[in-house]
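Biologist: Can you walk me through this model? Keep it short and plain, please.

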Amino acid sequence: MTDTLHIVGGGMAGSEAAWQAASAGIDVVIHEMRPQTGTFAHKTGDLAEMVCSNSFRSDDDEQNAVGLLHWEMRAAGSLIMDMADTHRLPAGGALAVDREAFSQGVTERLMRHPKIRREGSEITSLPEDGHWIFATGPLTSDALGQAIRAETGAEALAFFDAIAPIVHFDSIDLSKAWFQSRYDKGETEEERTAYLNCPMDRAQYEAFIDALLAAEKAAFHEGETAGYFDGCLPIEVMAERGRETLRHGPMKPVGLTNPHAPDIKAHAIVQLRRDNALGTLYNIVGFQTKMKYGAQADVFRMIPGLENARFARLGGIHRNTFLNSPTLLDAELRLRSKPHIRFAGQVTGVEGYVESSAMGLLAGRLAAAAIKGRSLPAVPATTATGALVTHITGGAEAKTFQPMNVNFGLFPPVEGLKGGRRGRRDRYKGYTDRAKADWTAWLGAEG
């Protein structure tokens with residue numbers, strides 16, 4: 001029992017941590033309260049359920065930091081990346097998945113592993129001994145949140161993540177919408193036509209913005225504040241920042257040509273991305289919202305091509321809890337006041353499916369090594385994984401700490417490469433080449 005690793009939370013990070021530790025020969029218990037105790041965002045009891053987007057974002061491992069993180073996780077035998085590749089959907093240069101098949105695949109693989117078992121009880125306190133990883137994610141239960149606050153002496157920080165609406169494909173008017181990935185990106189025709197595009201002229205866009213701003217919004221719960229993470233801003237919040245903001249964000253009209261009217265340049269374009277393998281569902285890209293459900297349907301049906309849209313799911317916003325990790329966690333993701341407890345995933349202050357999974361991967365390996373009486377070398381800060389963990393455990397300013405996606409701004413500079421936009425392509429290639437070499441060496445040294 002003393003050599004068993006207990007993982008609280010069966011989301012992306014918890015699932016990946018369990019896989020990594022079990023693959024190293026460690027007995028693992030996953031404590032997942034769902035479906036016995038649900039949340040308002042989750043719909044199933046499956047592990048690694050995707051509640052927001054179905055995208056893991058860019059898969060470019062030479063020019064994009066999240067694509068590099070994909071590469072590092074694949075090299076480390078990641079279950080999350082294996083299942084994402086298995087259930088991949090066309091998405092241009094991005095990695096998108098059939099969300100239900102993905103989570104079911106993760107669940108089946110974990111439950112077939114002889115070293116892993118699952119318990120359905122809710123953990124409401126921090127244990128005094130044993131080996132533990134808390135990967136409870138942004139929807140940490142109130143009881144456990146209170147226990148964490150009592151232990152750390154710090155107020156829980158919160159921001160609001162947002163869920164984009166999903167539309168039934170057969171309700172989209174294809175006489176107005178068309179299939180095309182931005183700049184025709186992708187190696188196959190399927191990839192180059194992975195998105196549905198709905199164009200707006202200036203008058204339609206202005207009317208849409210007016211309706212968006214006037215729509216009734218859902219109220220926040222008592223004690224919540226609107227400290228949104230900039231990567232998941234609700235569209236109405238973006239619109240409040242300026243009428244042109246959406247045209248330079250999720251509704252930008254660049255890199256696309258309307259075959260229905262090739263000589264007319266759209267003023268704005270709404271994109272939808274396939275959400276399941278059957279192609280029966282499409283999510284509206286970047287359209288997270290706090291509008292009430294009735295208002296959402298009215299406003300979104302103003303989009304050309306979606307006048308008769310039927311929604312499989314409307315948008316919403318939920319509270320995400322995360323630690324002030326620079327003050328609370330050490331470089332091995334251990335709680336400073338209780339080093340037998342590690343934290344992983346979005347609760348540590350990383351943002352995104354891939355980043356959360358990567359912290360789970362690292363926590364699982366670190367915990368497995370500790371149970372075996374070994375210590376691992378520090379992950380090089382020149383790698384995507386290392387840059388992230390370095391940022392959240394000390395690189396970030398604690399007073400202003402906010403959730404962070406992986407990006408090249410977290411990496412140490414590569415000597416001798418040009419700065420600025422002109423040198424960006426060579427600079428990014430320099431980052432990724434160095435990271436791959438250093439990550440491969442770290443995996444080898446880790447054994």
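**Overall build**

Modeller: Start with the whole chain. For 447 residues, a compact globule would have a radius of gyration near 22 Å, and the protein has 22 Å, so the two agree. Keep in mind that this is a predicted model.

Biologist: What does the C-alpha trace span along its principal axes?

Modeller: The span is about 65 × 50 × 45 Å.

Biologist: And how many helices and strands are there?

Modeller: The protein has 13 helices and 17 strands.

Biologist: How much of the protein counts as buried?

Modeller: Of the 447 residues, 57% count as buried.

Biologist: What about contacts along the sequence? How many join residues at least 24 apart?

Modeller: Take the contacts between residues at least 6 apart in sequence. Of these, 71% join residues at least 24 apart.

Biologist: Let's switch to helix packing. What describes two packed helices?

Modeller: Two things: the angle between their axes and the distance between the axes.

Biologist: OK, at what angle do H3 and H4 pack?

Modeller: Helix H3 covers residues 79–86 and helix H4 covers residues 99–112. They pack at about 135 degrees, with their axes 9 Å apart. That angle makes H3 oblique to H4.

Biologist: Which residues make that contact?

Modeller: From H3, they are Leu79, Ile80, Asp82, Met83 and Ala84. From H4, they are Phe102, Gly105, Val106, Arg109 and Leu110.

Biologist: How do they divide by class?

Modeller: The contact of H3 with H4 has seven nonpolar residues, one polar and two charged.

Biologist: Is the crossing of H3 and H4 left-handed or right-handed?

Modeller: H3 passes H4 in a right-handed crossing.

Biologist: Now H2 and H13. How do their axes cross?

Modeller: Helix H2 is residues 65–75, and helix H13 is residues 424–446. Their axes come within 11 Å and cross at roughly 20 degrees. Angles under 35 degrees count as roughly parallel, so H2 is roughly parallel to H13. H2 passes H13 in a right-handed crossing.

Biologist: Which residues meet there?

Modeller: H2 brings Leu68, Trp71, Glu72 and Ala75. H13 brings Thr432, Ala435, Lys436, Trp439, Thr440 and Leu443. By class, the contact of H2 with H13 has six nonpolar, two polar and two charged residues.

Biologist: Is Ala48 buried or exposed?

Modeller: Ala48 is buried, with a relative accessible area of 0%.

Biologist: And what about phi of Leu333?

Modeller: Leu333 has a positive phi of about 65 degrees, although it is not a glycine. Leu333 is in the loop between helix H10 (325–328) and strand S16 (334–335). Leu333 is buried, with a relative accessible area of 0%.

Biologist: Last one: where is Val254?

Modeller: Val254 is in the loop between helix H8 (235–240) and strand S12 (268–274). At 33% relative accessibility, Val254 counts as partly exposed.

Biologist: What does Val254 touch?

Modeller: Val254 touches Arg182 and Tyr183, leaving aside residues up to four places away in sequence.

Biologist: And how are Val254 and Ala396 separated?

Modeller: They are 142 residues apart along the chain, and their C-alpha atoms are separated by 34 Å.

Terms used. Residues are numbered from 1 along each chain as its sequence is written. This is a predicted model: local features need pLDDT of at least 70, side-chain atom pairs count only at pLDDT 80 or more; totals for chains, interfaces and linings use all residues. Side-chain values use heavy atoms; hydrogens and water are left out. Axes are lines fitted to C-alpha atoms, for helices over the stretch in contact, and angles run from 0 to 180 degrees between N-to-C directions. Helices (H or I, at least four residues) and strands (E, at least two) are DSSP runs, numbered from the N terminus. Angles under 35 degrees count as roughly parallel, over 145 as roughly antiparallel, 65 to 115 as roughly perpendicular and the rest as oblique. A crossing is left-handed if the near helix is turned anticlockwise from the far one by less than a right angle, and right-handed if clockwise. Contact means heavy atoms within 4.5 Å. Ala, Val, Leu, Ile, Met, Phe, Trp, Tyr, Cys and Pro count as nonpolar, Asp, Glu, Lys and Arg as charged, and the others, Gly among them, as polar. Buried means under 20% relative accessible area, exposed over 50%, partly exposed in between (1.4 Å probe, protein chains only). The radius of gyration is taken over C-alpha atoms; the globule rule is 2.2 Å times the number of residues to the power 0.38.
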